[in-house]
Amino acid sequence: AMPMNLTGIGKTYIVNINFNPDLKPSEFSDVALEVDPNAHKQPETVWQQYRTDSLNARELETYRVIDSLGKAEHLDRTLNSFETLITGYFPGRYWNFDIRRFITYNRYEGLRLGAGGRTTEQLFKQFTLGGYFAYGFKDKAFKYAGNVTVHVVPKHEFDVSVSYKNDVLESGSFQFNEAWTLYNNSFIRNYMIDVMDQVRESEVSLIFRTLKYMTLKAYMTHSIVEPTNEYGFNVGMEEPQVLLTRYNFTETGIKLKYAYKETFMKSPRGNKFSMGTNAPVFYLNISRGNNWMNSDFTFWRSEMKITKTFTTRTLGETRLALVSGMVSGTVPYARLYAGMGSYRPFSLEAEQSFGTMRFNEFLSDRFVSLFLKQDFGKLLFKPRGKFQPELALVHNAGWGQLSNAYRHQNIEFNTMKKGYFEGGILFNNLARLQLFKYGIGVFYRYGPYAYSKTIDNFAFKLSLQINL
């Protein structure tokens, strides 16, 4: 079949011009593009009142052909699938199913099956009910969670939420106030986690947008945490050692994201998708461990991340991420930093993580990491038909330290005080299937923490990208 190119020619007619409109900054939201759910169901009379010229026979035939191409290529279905992948929710009339809850796997729980999701606006407009349940076949345990979110001032995205969960979480982990995506590091790393804590947690939170470009979550949580390995926290210097293996935490804190001039597109399903920003994006977590409600520990814990993407014609995309964290106070493994490793001999590439670092290899109470990716795209390879490989280079570095290491018993760990370094190369877009582009890559670990056996320093990766 001969390839066919479609060319669209648009004409714009500007009428009724007002050169001095009375506009206020508050009238402009962060949504740059919004599609009405009923846009495709309007009668012909609606279009005619905005159409300066009538359509001739050729233009009418053009619309008919484009509509038939859309149906033949199932474009509506493809767009719905794309939106499901981006948001993580499969849409229903009254209930949106969370696709992440159906089936997952990790090294602690083994195969994990379940279901979950949240109500839609068509069922309740002023509030949302959500939750999930799951069962792990390796740890032979049920997990569940539930939440209710009241949309107090929808225009300003001001919500009040109450939640409870009984689940397992990666020990020594943390999360920022950022949207879930199919290929971010936390989703990919979840499939490789070894060390989990059993967690029962209650939370009350306020979520709102302020200063136009800042989203903020203020929360209070009470959690009961139990390690699932042999780990014990040494409470003192005396002999015999007294080891704690169950902890109570009461924490108050904030999680904020500031993305200057970030704009969004709003879909007919009501989902908002970021269209990005040229400015750096700033994330900050600050939490205070209090001695309320039988809490065992008082501490301050904070994490920060700054990301920035530079785009040039000669080099493509340069993506930088600086991540750091610090704990002041004496706390067990669950509230320290277990490294940001994502190593398996062959695994999916997880951006903003160390592809050659083993899980739980390092332990820190303060750290800083730098992640750099130079994505040349198609600049270095001449496309040959459908074969259009893309090249990306990666370099990551991290430093960390740990005080009171003697308190952490019955586990093995190292510290990153000498500096951790790795480099990698990715050949992306080697194959395309449906909504995804696939590639391969290799990472190499060097420097003070390199292994004496060369092959142990390598990690081989499968890269996964959404095919836009």
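Let's start at Arg100: with 22% relative accessibility, Arg100 is partly exposed. The cut-offs are these: buried is under 20% relative accessible area, exposed is over 50%, and partly exposed is in between, with a 1.4 Å probe and protein chains only. This is a predicted model, where local features need pLDDT of at least 70, side-chain atom pairs count only at pLDDT 80 or more, and totals for chains, interfaces and linings use all residues. Residues are numbered from 1 along each chain as its sequence is written, and side-chain values use heavy atoms, with hydrogens and water left out.

Back to Arg100. Its side chain meets that of Asp98 in a salt bridge, 2.9 Å from N to O. Asp98 is buried, at 5% relative accessible area. By salt bridge I mean a side-chain nitrogen of Lys or Arg within 4 Å of a carboxyl oxygen of Asp or Glu. The count by this rule is 28. The general point: side chains of opposite charge can pair when their charged atoms come close.

Next pair. Arg209 and Glu157 form a salt bridge at 3.3 Å, N to O. Arg209 sits in strand β9 (residues 196-210) and Glu157 in the loop between β7 (141-153) and β8 (158-170), so the pair ties together parts 52 residues apart in sequence. Strands here are DSSP runs of E, at least two residues, and helices are runs of H or I, at least four, numbered from the N terminus. Arg209 is buried, at 17% relative accessibility. Glu157 is partly exposed, at 28%.

Third pair. Glu349 and Lys373 meet at 2.8 Å, N to O, again in a salt bridge. Glu349 is in the loop between β19 (346-348) and β20 (366-377), while Lys373 is in strand β20, 24 residues apart. Both Glu349 and Lys373 are buried. Shared partners extend this into one network: Glu317, Arg319, Glu349, Glu351, Lys373 and Asp375.

Which residues touch the most other members of the largest nonpolar core? Tyr247, Phe249 and Tyr420, out of 32 residues. A nonpolar core is a set of buried Ala, Val, Leu, Ile, Met, Phe, Trp, Tyr and Cys residues joined through side-chain atoms within 4.5 Å. At least two residues of this core come from each of β13 (247-259), β16 (281-290), β18 (316-328) and β20. Beyond its neighbours within four places in sequence, Tyr420 contacts residues including Phe354, Met357, Phe362, Arg445 and Tyr449. Contact means heavy atoms within 4.5 Å. There is a second, separate core of ten residues, among them Tyr108, Val168, Trp180 and Ala350.

Phe90, Phe97, Phe102, Ile103, Tyr105, Leu111, Leu113, Phe137 and Tyr191 make a nonpolar patch of about 820 Å². β4 (103-106) and β5 (110-119) are the elements that give two or more residues to the patch. Patch residues have over 30% relative accessible area and no salt bridge; like charges are joined within 9 Å, nonpolar side chains (Val, Leu, Ile, Met, Phe, Trp, Tyr) within 5 Å. Areas come from Shrake-Rupley with a 1.4 Å probe; for residues, only the protein chains shown count as cover. Phe102 lies in the loop between β3 (95-98) and β4. It is partly exposed, at 36% relative accessibility.

Last item: backbone. Most residues other than glycine have a negative phi. Asn360 has a positive phi, near 60 degrees. Asn360 is in the loop between β19 and β20, and is buried at 13% relative accessible area. Asn410 also has a positive phi, near 70 degrees. Asn410 lies in the loop between β22 (408-409) and β23 (420-433).
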